[in-house]
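Hi there,

Here is the structure I promised to pass on. Have a look at it first, and my notes follow below.

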Amino acid sequence: MCSTLIGHPIDLVKVRMQTQSAGTKPAFNGTFDCLSQTFKREGVRGLYRGVSAPMTAIAPIYAVVFWGYDMGGRLARKNYDMQPNEPMSLNMIMFAGGFSALPTTAIMAPSERIKCLLQVQANEIEKGGKPKYKGMVDCGVKLFREGGIRSVYKGTLATLIRDVPGSVAWFGAYEVVKRKLAEVQGKEPGELSPLNVLFAGGCGGIANWCVSIPPDVVKSRYQTAPEGMYKGLGDVAATLMKEEGPAAFFKGIGPAMIRAFPANAACFLGMELSRSMLAFMD
Ligand SMILES: CC(=O)O[C@H](CC(=O)[O-])C[N+](C)(C)C
């Protein structure tokens, strides 16, 4: 929840930049322009537009991320006839990471759909229109009434295409950096200081976004587009390529990277602290 509170304004900038389409004059010239225009026009509330969806979903999302990782690890160990506490190889860690995205998408996809729609609806207000959604619940109910569960889950495949490789990189980079730091210091990975965990977590976040940005742009466009605008994800990608060129697939990379390090450093430190507390209470 701390990482959402810190990271949401910059995530909002990312989504707003990703959903600016070609043809019209771009509303924002860059990350800081978008941040300052949003603050001037909409105040602090504007920067936190759409925060309710990730705030509600973030705890279950990360519970499922780490549970899914554990399940993936169990499957990998079983496959190699290993004991439950034997350390996994890097390949096994990456498999478990990718596996974790499968159950997580069940909560991630609708949360992202609602968050992105709320984050961009200020554009409609700007154009003189009335906001369509009053908040997270209103948005979810309207999506369900208008298009059923299919509409609530619009963008599920795009979320999977973003998060399977993203999670491979996220867990992989975190473990590689932790193991390297432990080796250099002559310690076990579990004995690293919180500062080292923060650093490894931040690296995991950067690695995640290095592979996730192109599918994230396609996902944001698809999830916020009016019904019927695109035939599918391939159509979104082809339209982006034709109208805006390959650079369009990297829209929002600046804010994504600014947010990646601190948000994920906080996330992994929180996970390691909870794990130590649970082990202590056991
Ligand atoms: C896209 C996303 O939510 O990535 C997570 C890291 C972040 O920056 O929020 C990691 N994970 C895909 C494992 C949930």
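**Salt bridges and surface**

In this predicted model, Glu112 and Arg162 form a salt bridge, with 3.2 Å between the closest N and O atoms (a salt bridge being a side-chain nitrogen of Lys or Arg within 4 Å of a carboxyl oxygen of Asp or Glu). The pair links distant parts of the chain, as Glu112 sits in helix H4 and Arg162 in helix H7, 50 residues apart. Helices here are DSSP runs (H or I, at least four residues), numbered from the N terminus. Both partners are buried, where buried means under 20% relative accessible area, exposed means over 50%, and partly exposed lies in between (1.4 Å probe, protein chains only).

Two quick notes on conventions: residues are numbered from 1 along each chain as its sequence is written, and side-chain values use heavy atoms, with hydrogens and water left out. Local features need pLDDT of at least 70 and side-chain atom pairs count only at pLDDT 80 or more, while totals for chains, interfaces and linings use all residues.

Glu112 has another partner: Lys115 also forms a salt bridge with Glu112, the closest N and O atoms being 3.6 Å apart. Because Lys115 and Glu112 are three residues apart in helix H4 (residues 90–120), about one helical turn separates them. Glu112 counts as buried at 9% relative accessibility, and Lys115 counts as buried at 3%. Glu112, Lys115 and Arg162 belong to a network of salt bridges that also links Asp11, Lys14, Asp163, Asp216 and Lys219. The structure holds 19 salt bridges.

Which residue does Glu146 pair with in a salt bridge? The partner is Lys132, with the closest N and O atoms 3.3 Å apart. Glu146 lies in helix H6 (residues 136–152) and Lys132 in the loop between helix H5 (122–126) and H6, so the pair ties together parts that are 14 residues apart in sequence. Glu146 is exposed, at 53% relative accessible area, and Lys132 is partly exposed, at 42%.

On the surface, Met277, Leu278, Phe280 and Met281 form a nonpolar patch with about 550 Å² of accessible area together. Patches are made of residues with over 30% relative accessible area and no salt bridge, with nonpolar side chains (Val, Leu, Ile, Met, Phe, Trp, Tyr) joined within 5 Å and like charges within 9 Å; accessible areas come from the Shrake-Rupley method with a 1.4 Å probe, and for residues only the protein chains shown count as cover. Met281 is found in helix H10 (residues 253–281) and counts as exposed at 61% relative accessibility.

Best wishes

Methods. Helices (H or I, at least four residues) and strands (E, at least two) are DSSP runs, numbered from the N terminus.
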